[in-house]
Amino acid sequence: MLRTALALSTLAFALAAAGTVAAASPQFNYILHCQGCHLADGAATPGTIPPLIGTGRFLAVDGGREFLVRVPGVSLSIIPDDELAELMNWMLYRFSADDMPVDFEPYTAEEVVRYRQEPLVEVEAVRVGLFGAYEDAPEDQGQQ
Ligand code: HEC
């Protein structure tokens, strides 16, 4: 764990020093905290990780907006609330621009605080509940 943390902070320093991405930008946070599992392009890893491509469609379902923040990889991340709100907005437009509702209101830090205080434990059960509410939800490629 310690070695991983050291490697990550070295990477963070190297990226910031190289000026490739600004420290704490949404893209920076994504690379550091999400990309290891969700890949650079948000694609699924079948059998393990669901795609981020298409996640905008959760916004059309009751409870979907909360769900996207309450999944453990998001709610329990060490990213500060304001940066996490920015990251969610970035993630949605980056990987799911075509699925965004026209009336989408960006996540705010205040909202993210509320959702992440209740991290999901039974992720799959909640996700299945959302599917029931929206038959054309993203393919569940990662949870079989
Ligand atoms: C250790 C691997 C891992 C990391 C790191 C991770 N995730 Fe995930 N993510 C998952 C898995 C696995 C799921 C499926 C739900 C579950 O079992 O937690 C998921 C689900 C999601 C979902 C819901 C998608 C769906 O269709 O259910 C979103 C949105 C998401 N992650 C975003 C992020 C973001 C943003 C970050 C970085 C802050 C992140 N994740 C970090 C593994 C990870």
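Here is a short exchange about the helices and the nonpolar core of this predicted model.

Me: What makes up the fold, helices or strands?
Reply: The protein has eight helices and zero strands. From the N terminus on, the order reads α-α-α-α-α-α-α-α.

Me: What makes H6 count as a helix with the expected span?
Reply: A DSSP helix run needs at least four residues, and H6 has 16. From its first C-alpha to its last, H6 reaches 22 Å, close to the 22 Å expected at 1.5 Å a residue.

Me: Which residues touch the most other members of the largest nonpolar core?
Reply: That core has 18 residues, and Leu 68, Val 69, Leu 84, Leu 87, Met 88, Met 91 and Val 112 touch the most other members. Helices H4 (64–70), H6 (81–96) and H7 (109–116) each supply at least two of its residues. H6 gives the largest share, seven residues.

Me: How do you know that Met 88 touches Leu 68?
Reply: Contact here calls for C-beta atoms within 7 Å, and Met 88 touches Leu 68, Val 69 and Tyr 107, leaving aside residues up to four places away in sequence.

Conventions
Residues are numbered from 1 along each chain as its sequence is written. This is a predicted model: local features need pLDDT of at least 70, side-chain atom pairs count only at pLDDT 80 or more; totals for chains, interfaces and linings use all residues. A nonpolar core is a set of buried Ala, Val, Leu, Ile, Met, Phe, Trp, Tyr and Cys residues joined through C-beta atoms within 7 Å. A residue is buried if 20 or more other C-beta atoms lie within 10 Å of its own, exposed if 12 or fewer, and partly exposed in between; C-beta atoms are placed from the backbone. Two residues are in contact if their C-beta atoms, placed from the backbone, lie within 7 Å. The expected span of a helix is 1.5 Å times one less than its number of residues.
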